[in-house]
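Me: Hi! I have a protein model open and would like to talk through a few spots with you. Could you help me find my way around?

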Amino acid sequence: MRDYEEVTAFLGEWGPFQRLIFFLLSASIIPNGFNGMSVVFLAGTPEHRCRVPGAANLSSAWRNHSVPLLLRDGREVLDSCHRYRLAAVANFSALGLEPGRDVDLGQLEQESCLDGWEFSQDVFQTTIVTEWNLVCEDDWKTPLTASLFFVGVLLGSFVSGQLSDRFGRKNILFATMAVQTGFSFLQIFSINWEMFTVLFVIVGMGQISNYVVAFILGTEILGKSARIIYSTLGVCTFFALGYMLLPLFAYFIRDWRMLLLALTLPGVLCVPLWWFIPESPRWLISQKRFKEAEDIIQKAAKMNNVAVPAVIFDPIELQELASLKQPKVFILDLFKTWNIAKITIMSLLLWMLTSVGYFALSLNVPNLHGDTYLNSFLSALIEVPAYIMAWLLLRKLPRRYIIAAVLCFGGGVLLLIQLVPLDYSFLSVGLVMLGKFGVTSAFSMLYVFTAELYPTMVRNMAVGITSMASRVGSIIAPYFVYLAAYNRLLPYIVMGSMTVLIGIVTLFFPESFGVTLPETLEQMQKVKGSDCIFRFRSGKKSKDSTKREENPKVLVTAF
């Protein structure tokens, strides 16, 4: 029985049909880029101090000294959460006493910000933080907002594949686009933080579901060579393009509600794509809807201006396909032996900690020195060369060494930040971007590496479970950013140390480069003792190496 690639080989690899599908599906990824990181600007925390009511009868000197000073990172800053007790300050002002000269400010009683806060509008005009005062006692709500979005991403990861298997790739693609766009629009009318975050969870579900289904649909429709580019450079660079558009929108729209409105409009523009993007013929065949699959293939042939064979699907082949049954696999199969369990546990750690590094560095942009909008743009821009480099490295070099190298590089430069003097803040920003470059490169390689380690029967499950671990990493990533409230260097020290550590752990994986993909659990390589080394004796390959396939310069996708 011929496989789908052989049946549709007459269409060619890169005709007008494939180019149309490539660019339309890639374009549908753009809204995911700015929705995924929008929390950076929607929940930005401006500089703030306790409000002193205008009605308070204070002299200008006492009004300027009504908030205590704190020593932070070697410099004095205004306390964000306390002020001197207003009744005492008003009394000293009425008596004509001068702060610092007649009154020792260090001995004054302090109180919380009973009259609210004054927020700087130098960076943000309004955010959900300024709208609902998510500072001081309520500052824990800010990282939780981002975490709950990623909880939605985790939930969406669970259901998106199953829904697309049940109802079709195209239907779920546009349904999840509608969910992401519609609930983002509803967030504009949020009356409190609780309403905003509940809707944000649903937006997260739609965001990842749209991304995953677009990924699946593209890899199933496109041929092998186009699929390689689509699943790496296409999907990733268009995501980065959307990410780059985010600070551009945010720079010109400083009000969070208007910014959300602007971010929902591109989703509406995706509606016409319904009439240009077809259903996956592979999925239709799996559902025994052969006539619909054949119609799509014929339309593709007409667009590519190629002749259609008299018979696309042979009736005998269709009968064989209808009788095929997929073997059942269970999650415990990933821990069936001690060797497989070690690979799975290390894979879970690798995905989770790499995800922590990627999302924490992305969300930490407002804490960098300099312009927040420019830094956010640079953080997105650095991803493009990172994806290109990852693609080139995967074609030529062993997987575990290049992943370990870029992780250790990324983590190492983050650890160097603590050595940079405060006056050289531009150097710190540069090191952060280099760290993001390394972590992003590693992150983009993990799908390929994991898919090559596991046998066919559990490959999708393995990639699915390990990518779930990355969602857990994204959920806890905002709290690594939150560490900057205690020390500005602490997030980089922790992230850098973890990234270097997991880079070293990666060296203990078996190598998958140039090795035949395993078909059974028994064929999986051994940890630490089964490296892929080409041995030559008397000018001939060893018996073991003759069993290996020629190094395939392709990227095995997760789906």
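Me: Which helix does L431 lie in?
Reply: L431 is part of helix 19, which covers residues 425-453. Before we go further, keep in mind that this is a predicted model.

Me: Got it. Is L431 buried or exposed?
Reply: L431 has a relative accessible area of 11%, so it counts as buried.

Me: How far is L431 from G410, C-alpha to C-alpha?
Reply: Their C-alpha atoms are separated by 8.8 Å, and the two residues are 21 apart along the chain.

Me: Let's switch to cysteines. How many disulfides are there?
Reply: There are 2 disulfides. One is formed by C50 and C113, with the sulfur atoms 1.8 Å apart. The other joins C81 to C136, at 2.0 Å from S to S.

Me: What does the C50 and C113 bond tie together?
Reply: C50 sits in strand 1 (residues 48-50), while C113 is in the loop between strand 5 (110-112) and strand 6 (117-119), so the pair ties together parts that are 63 residues apart in sequence.

Me: Which hand does that disulfide of C50 and C113 have, and why?
Reply: The torsion about its S-S bond is about -60°, so the disulfide of C50 and C113 is left-handed.

Me: Are those two cysteines buried or exposed?
Reply: C50 is buried, at 0% relative accessibility. C113 has 9% relative accessibility, and buried means under 20%, so C113 counts as buried too.

Me: And where do C81 and C136 sit?
Reply: C81 is in the loop between strand 3 (75-78) and strand 4 (82-84), and C136 is in the loop between helix 6 (128-132) and helix 7 (141-167). The pair links distant parts of the chain, 55 residues apart. The link of C81 and C136 is left-handed, with -100° about the S-S bond. C136 itself is buried, at 11% relative accessibility.

Me: What's the pairing pattern if I number the bonded cysteines in sequence order?
Reply: The pairing is 1-3, 2-4.

Me: New topic: helix 13. What span should I expect for it, and what does the model show?
Reply: Helix 13 has 15 residues (290-304), and at 1.5 Å a residue it should span 21 Å. The C-alpha atoms at its ends are 21 Å apart, so the model agrees with that expectation.

Me: Which residues of helix 13 are buried?
Reply: The buried ones are F290, A293, I296, I297, A300, A301 and N304. Looking down the axis of helix 13, these buried residues fall within an arc of 140°, so they line one face of the helix.

Me: Why would spaced-out positions end up on one face?
Reply: An α-helix has 3.6 residues a turn, so residues three or four places apart point the same way.

Me: And what's on the other side of helix 13?
Reply: K291, K299 and K302 are exposed there.

Me: What happens just after helix 13?
Reply: N305 takes a positive phi of about 60°. N305 lies in the loop between helix 13 and helix 14 (315-323), and at 72% relative accessibility N305 counts as exposed.

Me: Where is N133, and what is its phi?
Reply: N133 is in the loop between helix 6 and helix 7. Its phi is near 50°, a positive value in a residue other than glycine. N133 is partly exposed, with a relative accessible area of 30%.

Me: Last thing, cavities. How many of 30 Å³ or more are there?
Reply: The count is 7. The second largest cavity has a volume of about 50 Å³.

Me: Which residues line the second largest cavity?
Reply: Its lining includes F41, F124, R254, D255, W256 and Y373. The lining divides into 7 nonpolar, 2 polar and 2 charged residues.

Me: How far is Y373 from L248?
Reply: From C-alpha to C-alpha they are 7.4 Å apart in space, and 125 residues apart in sequence. L248 belongs to helix 10 (residues 224-252), and at 48% relative accessibility L248 counts as partly exposed.

Notes:
Residues numbered from 1 in each chain as written. Predicted model: local features only at pLDDT ≥ 70, side-chain atom pairs only at ≥ 80, totals over all residues. Heavy atoms only, no water. Helix = DSSP H or I, 4+ residues; strand = E, 2+ residues; numbered from the N terminus. Expected span 1.5 Å × (residues − 1). Buried < 20%, exposed > 50% of the residue type's maximum accessible area, 1.4 Å probe, protein only. Arc of directions from axis to C-beta. Disulfide = S-S within 2.5 Å. 1 Å grid on protein atoms, 1.4 Å probe; cavity = no way out; pocket = protein on both sides within 12 Å on 5 of 7 lines; lining within 4 Å. Points joined across faces, edges and corners; volume = space filled by probe spheres on them. Nonpolar A, V, L, I, M, F, W, Y, C, P; charged D, E, K, R; others polar.
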